Amino acid sequence: MADTKKEHYVPRCYLRNFTLENEKIQVFDKYKVQVRPQNIMDVAMENYFYDIKFNELIKLAEEDEMDRIKADLMEIAQENDWGKILDILDEKYIEKHFSFLEGVYSKLSQRFIENSYNGNEWVIKNCFAFSEMDKELMSLFIAIQIIRTKTFRCTLADTIQKLYQTMAYKMQTKSADMLSKDDFEVEVNRDFVKLQHSSMILDEEVAVGMAEVLNEHIWVMYVNKTNTPFYTSDTPVANIPHKYDEYMGYGGLRSEGIEIVFPLTPNLMIGMYERSTYSAIFSDRQFVVLTTKEQIEYYNRVQVINSYRCVFSSNDSFDLAKRMCDENPDLRHPQSRVQVS
């Protein structure tokens, strides 16, 4: 495999469904509040995002971290003999893993798209949107997509940082000169976070467990019949909570009332709904037609809010995204999704 520099956390085979021509996609950059056409090779990626220099990581590890790092590496390589680990793992191990998966995902997503027959009315009224087997397979790819993003890695780093900050704070004695939690500065080793992220990406139990939760939900295929395309983003799978409580969050994959959306094309989007709340509203694997701009903008707002930095579209009409960033400047920068008490 060539020395791939640009490593995508949203696959090009997915982004290609939103391109114009010559592999170009319209990008709204929340940081700069700027619109630009860009090649899909250059979006939703970071140089050497998945690369890990395993030898260097081991050399830099503190003694008390070594056992954990060894366990993570053996889990990643699926090898119990420590002596063989560094022969198996190279810097491109994760990137190679995704190259195989994306070939499978590309064919699967095309089946989902083709089943809609461009929004044919007879098909929408009389056919399932996809098979039960394809739903199971797509559940796994959506789970993997959730895990692989930059947003997920940053949330993981933030969780580790805040956990250690809280531990340092709580180790203080209850004295008059006790410091506040914000007085403790904790810096997380980026390579250690990358290793933890890689371990989760390759842990079958993590992805399969998430996929099983997704597959239990009621799925619908939204068909966009308007002239306003669905946005997608660098964090395309978005959770929309519909239940709120002062003491408990309802934004998880399994939460009561949760709605999860994943745009497939400018005109198609998968919606996933927690069964106990929505069984009287939707039937599993049905088509749902959206006919108003307001309906599309509801879901496009979700993509703007959920994105890490960039929102993508098949055209350059980002008036909604610009307006949202003007009204709420905090949207222009990543917000912490982690709270540790």
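Start with D42, which is partly exposed, at a relative accessible area of 31%. Please keep in mind that this is a predicted model. The partner of D42 is K6, and their closest N and O atoms are 2.3 Å apart in a salt bridge. K6 lies in strand β1, while D42 sits in the loop between β3 and β4, 36 residues away. K6 is partly exposed as well, with a relative accessible area of 30%.

How many salt bridges does the structure hold? There are 12.

The next one joins R309 to D29, with 2.9 Å between the closest N and O atoms. This pair links distant parts of the chain: R309 is in the loop between α12 and β11, D29 is in strand β2, and 280 residues separate them. Is D29 buried or exposed? D29 has a relative accessible area of 1%, and buried means under 20%, so D29 is buried. R309, at 25%, counts as partly exposed. D29 and R309 also belong to a network of salt bridges that includes R36.

Now the helices. α12 covers residues 293–306 and α13 covers residues 319–327; they pack at an angle of about 55 degrees, with axes 10 Å apart. The two helices are therefore oblique to each other. Their crossing is right-handed.

Which residues of α12 and α13 meet? On the α12 side they are E297, N300, R301, V304 and I305, and on the α13 side L320, A321, R323 and M324. Sorted by class, this contact has five nonpolar, three charged and one polar residue.

That is where I stop.

Note on methods:
Residues are numbered from 1 along each chain as its sequence is written. This is a predicted model: local features need pLDDT of at least 70, side-chain atom pairs count only at pLDDT 80 or more; totals for chains, interfaces and linings use all residues. Side-chain values use heavy atoms; hydrogens and water are left out. Axes are lines fitted to C-alpha atoms, for helices over the stretch in contact, and angles run from 0 to 180 degrees between N-to-C directions. Helices (H or I, at least four residues) and strands (E, at least two) are DSSP runs, numbered from the N terminus. Angles under 35 degrees count as roughly parallel, over 145 as roughly antiparallel, 65 to 115 as roughly perpendicular and the rest as oblique. A crossing is left-handed if the near helix is turned anticlockwise from the far one by less than a right angle, and right-handed if clockwise. Contact means heavy atoms within 4.5 Å. Ala, Val, Leu, Ile, Met, Phe, Trp, Tyr, Cys and Pro count as nonpolar, Asp, Glu, Lys and Arg as charged, and the others, Gly among them, as polar. A salt bridge is a side-chain nitrogen of Lys or Arg within 4 Å of a carboxyl oxygen of Asp or Glu. Buried means under 20% relative accessible area, exposed over 50%, partly exposed in between (1.4 Å probe, protein chains only).
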